[in-house]
Amino acid sequence: MERGEFWWAEFDEKRPVVLLSGGAGPEFRIMQIVAPATPAEKRGFVVMSGDQALDADNRRRIVEEAGPARAVGIEVFFGTAEGLAEDGVVRVALPQDGTIFCTWGASLTEEALIERIGVCSSEKLHELDVAMKLAGA
């Protein structure tokens, strides 16, 4: 079980997750894969893609162009290229006043990881790393 792998996990129900830590365990840090935010859910928030968030100047431009927002978030997109049956995201909030809907991180034991789905490309893993760092995670 390695960092950047996608797994089906059972915690409150069967859900896809990405491993943020790897190795022999006993616990693994994970982020749940969720559906991308809908236009209605984005109302009042700035939500950029992981690719858009890679460059600091681009992030600043996106936030400035959006005008006043309650919070800023990043969605790192994953899909069939990574082995998932449906498109999904890891969504993180950048530290600032306000709130934003985001994917919650958790720690799971090896027993909760049911089946390996796939693995992040190095590019997607970099997007995820940048998003997590910007979110302070």
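A search of the whole structure, which is a predicted model, finds 1 aromatic pair. This pair is formed by Phe-6 and Phe-78, whose rings are arranged edge-to-face, with 4.9 Å from centre to centre and 70 degrees between the planes. The arrangement counts as edge-to-face because the angle between the planes is over 60 degrees. Distant parts of the chain are linked by the pair, since Phe-6 belongs to strand β1 and Phe-78 to strand β5 (residues 71-78), 72 residues apart. Both Phe-6 and Phe-78 are buried.

Strand β1, which carries Phe-6, is also part of an open sheet of 5 strands, in which the order is β7-β3-β2-β1-β8 and the pairing is antiparallel. At the edges of this sheet stand β7 (105-109) and β8 (113-119), and because each has a single partner strand, one side of each is left without a neighbour in the sheet. From one strand to the next, the twist averages 45 degrees. The partner of β8 is strand β1 (residues 5-10), and these two strands pair in the antiparallel sense over 5 bridges; within this pairing, Ala-9 stands opposite Leu-113 in β8.

The largest pocket of the model holds about 170 Å³ of space. Its lining is made up of Trp-8, Pro-16, Ile-33, Val-34, Ala-35, Leu-84, Ala-85, Glu-86, Asp-87, Gly-88 and Ile-117. When these lining residues are grouped by class, 8 are nonpolar, 1 is polar and 2 are charged.

Definitions and conventions: Residues numbered from 1 in each chain as written. Predicted model: local features only at pLDDT ≥ 70, side-chain atom pairs only at ≥ 80, totals over all residues. Heavy atoms only, no water. 1 Å grid on protein atoms, 1.4 Å probe; cavity = no way out; pocket = protein on both sides within 12 Å on 5 of 7 lines; lining within 4 Å. Points joined across faces, edges and corners; volume = space filled by probe spheres on them. Nonpolar A, V, L, I, M, F, W, Y, C, P; charged D, E, K, R; others polar. Pairing = 2+ DSSP bridges. Helix = DSSP H or I, 4+ residues; strand = E, 2+ residues; numbered from the N terminus. Axes fitted to C-alpha atoms, helices over the stretch in contact; angles between N-to-C directions. Phe/Tyr/Trp six-rings, centres within 6.5 Å; stacked < 30°, edge-to-face > 60°. Buried < 20%, exposed > 50% of the residue type's maximum accessible area, 1.4 Å probe, protein only.
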